[in-house]
Amino acid sequence: MELQSLRGALQRTRAFLGLAAIAFMAAPALAANAPAGTGDFGPPRGEPIHAVLTSPPLVPPPIHRNYPAHVIVELEVVEKTMQISEGVNYTFWTFGGTVPGSFIRVRQGDTVEFHLKNDPANKMAHNIDLHGVTGPGGGAASSFTAPGHESKFTFKALNEGIYVYHCATAPVGMHIANGMYGLILVEPPQGMPKVDHEYYVMQGDFYTGGKYREKGDQPFDMEKAIDERPTYVLFNGAEGALTGDKALKAKVGETVRLFVGNGGPNLVSSFHVIGAIFDEVRFEGGTNVQKNVQTTLIPAGGAAIAKFRTHVPGSYVMVDHSIFRAFNKGALAILKVEGQPDKSIYSGKELDSVYLGDRSRPNLEAVTKATESARQGTLTLQDQVKAGEALFTGTCSVCHQANGAGIPGVFPPLAKSDYLAADLPRTIGIPLRGLTGKVTVNGTQYDSVMPPMSQLNDDEVANILTFVLNSWGNPGGQVAADDVKKSRAQGTASTAAAAH
């Protein structure tokens, strides 16, 4: 009996040791699949810390703490009118006075005391839903705030990642569509790998009563929003917000980390940087990493972290690669990289206007001046010529060349053009309705297609044509926005036969 008991004990011991060995061998694999940082979820230590918030495209400095803290975040809602495009005003609802709202950076395990203030001058009640909050509504139910009031709630940052926040007051879609969104980064306990530059970029779709680039004050259009027909698709709340003097900057050989969000409210973003390949993408804001990525999908209400190294200088164009959104609705930004070229990687020759359109120039001061002069009734011929030159450079010069010479056998010249000078009403109709078929210019026949420039508004067409008529040996003249408006109302397509 005792022998039998001893044999049973030995068998049980062998079984236990075998299971222990299996567990030991499996441990590295299990560890490899565990989250990068498990956090420290104990009580906060030290004195409360006031979070540093930054306006886009800036990002708060990395966190260098090895313990969880009590972090106080104070964010104010401001309703304000700003330019959504050149000469186009829109009343945005904002977190912190910018679109997107202020960037928030905390550490996994932190206890966050959140204060939401609603400016007394505002007309609407607002709240905030942070996707990085574990709890009903992401904080929305605890933060409903009337104008002139302040709300407070507290949450534990349980999960690392990059998360969207937005207003969730009814009608929710309208609040988001007016610019009420931003990003909160919950850093892992060990921090993030060091890079040379971090930037904050966020896409949103906007729905105005007027057409794309229609001047003046534009209201929100609920019907367009419901039908998901945006007038603008933009990075950081305005057309040209990240181009020209406002372009992001880096040097050759540096690493760049982009925190890219999509406020929506409707569209999914196909985020792409022309001429760059992302070394790493943390897609959907999670902990998994995809490498060597060309274009990454970012859902409405989602975010991603894209990291890459710059190798050669130039202008790197960021777009939503649903490409008409980039070139006809405004979803376009620039990272300007400076440094020495490396011919072994890229041979050179850069022409910003191929990609940037009329946002390629360092600034559009001449266009701004012409818009303001037109509004005041003081627009001069010289104002139009200067504005038209800026617009022509980005919109027309690729085909017609900067000197108006065109391309022999392909695109007719605009310089000393007998075709343009012969019939001004016909000339006005060409950019509006395009031109297809055979035409004879300066004694030479051309047979090509010019698509309608429907993205241009009336004063932009007028300024471009005025510039062309007064340049390169053409006879001069002036086109008014009203002339373009009347021509546009005719609404029929141009052909060479009709033009003759």
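This is a predicted model: local features need pLDDT of at least 70, side-chain atom pairs count only at pLDDT 80 or more; totals for chains, interfaces and linings use all residues.
User: Nice. Which residues make the contact?

Analyst: From helix 10, the contact uses Ile428, Gly429, Leu432 and Arg433. Helix 12 brings Asp483, Val484, Ser487, Arg488 and Gln490.

User: And how does that contact split by class?

Analyst: Evenly: the contact of helix 10 with helix 12 has 3 nonpolar, 3 polar and 3 charged residues.

User: Okay, new topic. How many cavities of 30 Å³ or more does the structure hold?

Analyst: The structure holds 1 cavity of 30 Å³ or more.

User: How much space lies in the largest cavity?

Analyst: About 30 Å³.

User: Which residues line the largest cavity?

Analyst: The lining is made up of Ala370, Thr371, Ala374, Leu379, Asp459 and Asn463. Two elements give two or more residues to this lining, helix 6 (365-376) and helix 11 (458-469).

User: Which helix gives the most to the lining?

Analyst: That's helix 6, with 3 residues.

User: Last one: what classes of residue are in the lining of the largest cavity?

Analyst: By class, the lining of the largest cavity has 3 nonpolar, 2 polar and 1 charged residues.

Note on methods:
Residues are numbered from 1 along each chain as its sequence is written. Side-chain values use heavy atoms; hydrogens and water are left out. Contact means heavy atoms within 4.5 Å. Helices (H or I, at least four residues) and strands (E, at least two) are DSSP runs, numbered from the N terminus. Ala, Val, Leu, Ile, Met, Phe, Trp, Tyr, Cys and Pro count as nonpolar, Asp, Glu, Lys and Arg as charged, and the others, Gly among them, as polar. On a 1 Å grid over the protein atoms alone, a cavity is a set of points where a 1.4 Å probe fits but cannot get out, and a pocket is an open set with protein on both sides within 12 Å along at least five of seven lines; lining residues have an atom within 4 Å of a point. Grid points are joined across faces, edges and corners, and a volume is the space filled by probe spheres set on the points.
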